[in-house]
Amino acid sequence: MASTVESPADSLSKLDINGDWASSAPNLRNNLSLLSPDQIELGKMLLEMGQSHLFEHWPEPGVDDEQKRAFFDQVARLNSSYPGGLASYINTARELLADSKAGKNPFDGFTPSVPSGESLTFGDNSFVQFEETGVREMQNAAFVLVAGGLGERLGYNGIKVALPRESSSGTCYLQHYIESILALQDASSRLVEGFVLDWSWGKEISVLVRGGSPKQIPFVIMTSDDTHARTLELLESNSYFGMNPTQVKLLKQEKVACLDDNVARLAVDPRNKYVIQTKPHGHGDVHSLLYSSGLLNLWRHAGLRWVLFFQDTNGLLFKAIPAALGVSATKQYHVNSLAVPRKAKEAIGGIAKLTHADGRTMVINVEYNQLDPLLRATGYPDGDVNCETGYSPFPGNINQLILELGPYIEELTKTGGAIQEFVNPKYKDASKTSFKSSTRLECMMQDYPKTLPPTARVGFTVMDIWLAYAPVKNNPEDAAKVPKGNPYHSATSGEMAVYRANSLILKKAGVKVDDPVLQVFNGQEVEVWPHVTWKPKWALTFADVTSKVSGSCSISQKSTLVVNGSNIFLEDLSLDGALVINSVIDAEVKVGGSVQNKGWILENVDYKDTSAPEEVRIRGFRINKVEQLEKTYNEPGNFCLKA
């Protein structure tokens, strides 16, 4: 049988390498013999898209040939990683740049209104019920962490997920997230019940399902060129923090091409004429990556129902997730955005229902600098103002999403995971003809609902800020400049928020917790509560906390309490100092009596003090462990610690 494989010469002859298409780039035409048929096709596409400038400085064959081929390797990556390819990227860029130059309002024709959603009050019966429902649903969920950024903005040179969430236990963000997912996995498995028919009595008996190991919750981490290798190293060097490595999948997002001008000419790297300059596209890429990976269909075939998205340095998030998932399951939301109360005009996006003059509607995050003018332009002369609650009626978006898997797959099948983009060029002057530096198209994870049909059930769940939202993103210098009364969103405030939340939860459970004192670290005045922290396996929900605290318990303001174990019970405990309890899963420990010692003291550290580690400097304090009572129970059994 004769071979049907074409020779390279045959392939090249079909591409008409000397045709008119190459006339706009003679330097490229002179080098076509170096390129493969696929590379020539990419060259043809670039010229058709008006990118002949990319080849202006190419020398004759024999000079820099490997760099020329490497250029097309990069073009191939940029082309394959973007839905619709580079031609689609350039066309979209031209449209958005034209709109930007014309000052077009992306919400023109839309009128905002307050969408429907659920506002929860921590600890009441409704909240507890939503938490239980959410924990049941966890075995049908997958988690997706968007972690493509470094900590440079924080003044930290590592990856953000490697930062300590708080200093008392030293647990980093990624460890906390994994331990939270594992604890939810175990709790969901324990809660889920099946019904077995007892034929002798003719009635149904509820029995706990015990099928060996709990159903594993998948965990996806979206990384970038900046974070991929370091995230993998953090996981591998810590044995995945106890999670089965097969549960974890890293998906690396690619960068997108930069743009030099309003006609979307691709920017050449100033350091290398054979490289197209690139920048991050934004966390909206997570949708196209999930779609192209094939994971979503695998999850659907495994019976999963929910995908929960979260970002890298919100240390409180998992306190809000169980109840929020309970809301999604109860309300049957296709999209549920976690939200917090926001003050009018606060620098946080508001969730709004937008209705177009043609009848189209969508429930979407509207950035704070767009919401107020949009309201003023559509019949609200005062714009974004607080209502009788003291907050804006438009809840604050915190970029944590819960999506129902089935409708999510249906939507991505139509869009390929592409998210509506925006461009934000920095113009040199009012003529808007040239940029201060190259720009690129960007996309945001929370803009997913923009393409949904009106029938989609899109809602939100509002929770108290102290429970749900403490992002860490500002360096000490920037945080110190924040106007008084506004959140710092720094490593300092993020750690103090963990202690505050845990202290308030214990207070709600009946523990007498002393009020905080005000202290200043790195120029930021913060409330310092008792340093209370516990592992997720100790308590995931408010019901868990109340089941493990009893009698008359009290904690003084100077105290530190670190709980690291599943079955540790606080009974009539009076704590005035530092107490650290560690136990294995099969040890039950009752802790009571009066614990008094000199405790742990916060000592100020200036962020400019390079003798201290970065993770300490950006907080503005270190912990001096003067004195503590620490007990570890490594054997199964029942124990009592009575001080």
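Buried here means under 20% relative accessible area, computed with a 1.4 Å probe on protein chains only, and strands (E, at least two residues) and helices (H or I, at least four residues) are DSSP runs numbered from the N terminus.

Strand 22 runs antiparallel to strand 21 (residues 517–521), to which five bridges join it; two strands pair if DSSP finds at least two bridges between them. Strand 21 and strand 22 form a hairpin with two residues between them, and asparagine 522 in the turn has a positive phi of about 50°. Valine 520 stands opposite glutamate 525 in strand 22.

Helix 3 and helix 4 pack at an angle of about 70°, with their axes 10 Å apart; the axes are lines fitted to C-alpha atoms over the stretch in contact, and angles run from 0 to 180 degrees between N-to-C directions. That makes helix 3 roughly perpendicular to helix 4, a term for angles of 65 to 115 degrees. The table gives the residues in contact, which means heavy atoms within 4.5 Å.

| Helix | Residues | Contact residues |
|---|---|---|
| Helix 3 | 37–48 | Gln39, Leu42, Gly43, Met45, Leu46 |
| Helix 4 | 65–81 | Arg69, Phe71, Phe72, Asp73, Val75, Ala76, Asn79 |

Residues are numbered from 1 along each chain as its sequence is written. In this predicted model, local features need pLDDT of at least 70 and side-chain atom pairs count only at pLDDT 80 or more, while totals for chains, interfaces and linings use all residues, and side-chain values use heavy atoms, with hydrogens and water left out.

Note on methods
Parallel < 35°, antiparallel > 145°, perpendicular 65-115°, else oblique.
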